[in-house]
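Biologist: Can you take me through this one? I have the sequence and the structure open.

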Amino acid sequence: PGDDFKFILCEGCQQASPNLKLLTCLHTLCLNCLSKNKAMGQCPMCQMPIPQASGIPDMDNLLFTSLQARLSIYKKIVDGADLFCNNCKEASEFWCSECEEFLCTGCFEAHQRYLRKENHEVKKVVDIRAGSAKDFLEGTRRTGNFFCSNPTHKSQTVSIYCTTCRKPLCCLCALLDSQHAPFCDIHSETQRRQQELSTIAQELKQKRSRFQATQAVLRDEAARLEEAQQEMRELIQQRVEQLVQLLRREEEELLGLVEARQERGRRELAGELQRVEGTLRRMEAAERLVEKMSLYATEQEVMDMQPFVRDSLQELQRLQPPASGEREQPRDLSECRGRLQAL
């Protein structure tokens, strides 16, 4: 698949994993990385706290896990090794994305005969191999094949959404439910949720520029702080070297004063810069996840993940970059300059 799909790997170790968790900051980590990071209690990518005491978020990244599984099938097809029919173990010629099975020619003909009304999309293995990974993922993206959560209706596909209890229903559930109304088509609700995420992500993209501007200001201020420190050190050293040995103690006090003032300023700026950069990384993760959900998420994945992702996006919306005037200015060196002048 190449680098185009590196986004489905764990952002900590950059490895594929069947156990990917989605944090509230919208970064994705595997269980192994989360276990190693448990003592810190925060995301190693942006330092946002992990609310769960166990250090393991509740939300699975269903989209990335699904994409990993589908890409492994594509890789198997491209490699061309051990492609056998799932039914009779003969050499495979076809792949059914609905059944998720390889089929030989004989089993393919039987499959088409018995499931001709089910609209199963079957492709030749050679055609899949000639196409790209993106083509394969788009071809295996399901549009309406998840089933009712009611255990007595589990064979029924979901096609209706109840706006009152906010859950998908099959036709039987909707028919028997006389209390809840109105209902809407599940495809409409899926599209509405996807559009809601896209709208929030677009607004965040605009706010992101403000955080980037604040980041640039903080970095410039940090650079000026370092230059001021260096200039003051040189001036102190030049002046003190001209004085007699009795003034050496004054030199040490002045240097200590400068270092203390500058270290305080550096720590404050570093903390602010780290928070802003962490927020920017969360925003980047949010944009990336919404984009990939729009491209590859199944409707069930959208239904399961959208409320969680929406809450995280709205939390990001509430953040504001710190204004320059709100920060303390512990960087005034006037006292130090006054004592130098007195020398």
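Biologist: Where is L26?
Modeller: L26 lies in the loop between β1 (20–22) and β2 (28–30); strands here are DSSP runs of E with at least two residues, and helices are runs of H or I with at least four, numbered from the N terminus. This is a predicted model, where local features need pLDDT of at least 70, side-chain atom pairs count only at pLDDT 80 or more, and totals for chains, interfaces and linings use all residues. Residues are numbered from 1 along each chain as its sequence is written, and side-chain values use heavy atoms, with hydrogens and water left out.

Biologist: What is the phi of L26?
Modeller: Positive, about 75°, although L26 is not a glycine.

Biologist: Is L26 buried or exposed?
Modeller: Buried, with a relative accessible area of 1%. Buried means under 20%, exposed over 50%, partly exposed in between, with a 1.4 Å probe and protein chains only.

Biologist: And what about K89, buried or exposed?
Modeller: K89 counts as exposed at 58% relative accessibility. K89 has a positive phi too, about 70°, and is not a glycine. Its place is the loop between α2 (62–79) and β3 (94–96).

Biologist: Switching to helices: at what angle do α8 and α9 cross?
Modeller: Roughly 155°, with the axes of α8 (residues 248–296) and α9 (residues 299–318) coming within 11 Å. The axes are lines fitted to C-alpha atoms over the stretch in contact, and angles run from 0 to 180 degrees between N-to-C directions. That makes α8 roughly antiparallel to α9, a term for angles over 145 degrees.

Biologist: Which residues of α8 meet α9?
Modeller: Among them are M283, L289 and Y296 in α8, and the α9 side includes V302, M305 and L313. Contact means heavy atoms within 4.5 Å.

Definitions and conventions. Parallel < 35°, antiparallel > 145°, perpendicular 65-115°, else oblique.
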